[in-house]
Amino acid sequence: MSLRLDQKPVVATVYVAAMFMAVMDTTIVNVALPTIGSDLHARAGSVGLVSIAYLVSLAVFIPASGWLGDLIGGKRALLGAIGLFTLASALCGISTGLDELVAFRVLQGVGGAVMTPVGLAMLFRVYPPAERVRISGVLALVTALAPALGPILGGVFTTYASWRLAFFVNVPIGAATLAYGVAALAGHVPARPGRLDVKGLLLSGLGLGSVMYGICEGPSRGWTAAPVLAAVGAGAALLAALVLVESRAAHPLVDLRLFGNRMFACATGLYGLGSVAYLGALFLASLFFQDALGLSAVRAGLTVFPSALGVMAGGQLVTRVLYRRFGPRRIAAAGLLVMAGTLASMTGVGTGAATGSGTVPVLLAMLGLGLGVSFVFIPSQAASMATVSKERTGRASSLFNAGKQLGGAVGVALLSSVLAATGPARGGSAGRAAADLGAYHAAFLVAAAVSLLALPVALAVRDADAAATMAPRQAPRPARQSG
């Protein structure tokens, strides 16, 4: 039985906690992979499946999340997904072999794939358009904080305790969120989505999963390796077939007609391209600080962390001052320019940045990157559903999240490939390899270029389409006095 509480803060609390776990899980394990491989006696190169399995599982199951939420109701779908994610996290933590761990990571991905789109759809159902920019500021902070915090926690756990804590950390968060949700979330009447579109499920799941696998494996195996070419080629063919099949379906699982909605298409494109640049840059910066500048994993994570502080500061500016005055178009365009500028500034960072006052420009660059990201992510998320009907919010949320997940994977793969192509290490003295700073600088320039490539998408936004989200919040009416 649910408590009768205002559903706005209740849904926001449950969703933010769920999203924090799901997003952090994409980065917290990366630092621990070498130790995991050693402890579980895994073959060289195979331990990467721990990360890949989670990302591929997300891609496979995200398309079905909107239909599932409409079928059984948002509360059941969201809490069931949180419960599954929490259980899978505990199972990952007690795994005794690599095969077990990979299987449980797939299970984690199923939970993560459902809980973030369903939770976002619930959030946008309870928050009217005029209040979405405020809640989007909170969501953008979590989106930036979780991947920045993940390497720090992963490094601390692995260095000073055990890699298993990288999974166990989700258990108390998930258990508390689940208990609160059971007690406080109101039931959601199912929307009768109709029969499951099996063709759409198979084509979207297998297509996205294959593409994600190819993208994840490409940088390490090489883009011309047969498994990579086969995965990307098969995925592209399946997604092409998906477009043909779903465009003719009466009740498509993947409602591609939503991309005919200009505001939704631009917002999804902005968030996806922004994720390519930002999440790719976070991955690159962590490598740069450790491999090129010689910082420890923990210190590298702390050096990246100001990006989250930048998102926090930018979020206050966007939600309280800028959004209703200037609209999403100009704010997002300005944010992309700031992102491009700060990423390009990283090309001036040399080995002296590892000590003393040399770290200050790097910290400022990370702070500026977070500021720019907040200017892109918050308006995109706030305006994404401005012209989408409530009936289609679940399907739209699935597409929006799929674009975000794919964008992050593409960013990591793209910048990893630039590093591999330009050679991150060169010959050094005494036969040792020395970091080739030019390779990292080239990768930062590519991330800056991606930010600039997103600029036409931002300029294609029409502020008039987002007018409902720019309206001032309605003050509550004073209670009528009797007598």
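A pocket, as the word is used here, is an open set of grid points with protein on both sides within 12 Å along at least five of seven lines, and its lining residues are those that have an atom within 4 Å of a point. In this predicted model, the second largest pocket is lined by 18 residues, and those nearest its centre are Leu208, Val254, Phe259, Leu399 and Ala402. Two or more lining residues come from each of α9, α10 (226–248) and α15, with α15 giving the largest share, six residues. By class, this lining holds twelve nonpolar, four polar and two charged residues, and the space in the second largest pocket comes to about 300 Å³.

The largest pocket has a volume of about 1300 Å³. Its lining is made up of 43 residues, with Asn30, Ser51, Phe283, Val412 and Ser416 lying nearest the centre. Among the elements that give two or more residues to this lining are α2 (33–39), α3 (49–72), α6 (132–160) and α11 (262–292), together with α9 (198–221) and α15 (393–422). Sorted by class, the lining of the largest pocket has 25 nonpolar, 15 polar and three charged residues.

Although α13 (residues 306–345) has 40 residues, its end C-alpha atoms are only 16 Å apart, whereas a straight helix would reach 58 Å at 1.5 Å a residue. Within α13, a kink of about 115° lies at Gly327, shortly before the proline Pro328.

Definitions and conventions. Residues are numbered from 1 along each chain as its sequence is written. This is a predicted model: local features need pLDDT of at least 70, side-chain atom pairs count only at pLDDT 80 or more; totals for chains, interfaces and linings use all residues. Side-chain values use heavy atoms; hydrogens and water are left out. Helices (H or I, at least four residues) and strands (E, at least two) are DSSP runs, numbered from the N terminus. The expected span of a helix is 1.5 Å times one less than its number of residues. The bend at a residue is the angle between axes fitted to the seven residues ending there and the seven starting there. On a 1 Å grid over the protein atoms alone, a cavity is a set of points where a 1.4 Å probe fits but cannot get out, and a pocket is an open set with protein on both sides within 12 Å along at least five of seven lines; lining residues have an atom within 4 Å of a point. Grid points are joined across faces, edges and corners, and a volume is the space filled by probe spheres set on the points. Ala, Val, Leu, Ile, Met, Phe, Trp, Tyr, Cys and Pro count as nonpolar, Asp, Glu, Lys and Arg as charged, and the others, Gly among them, as polar.
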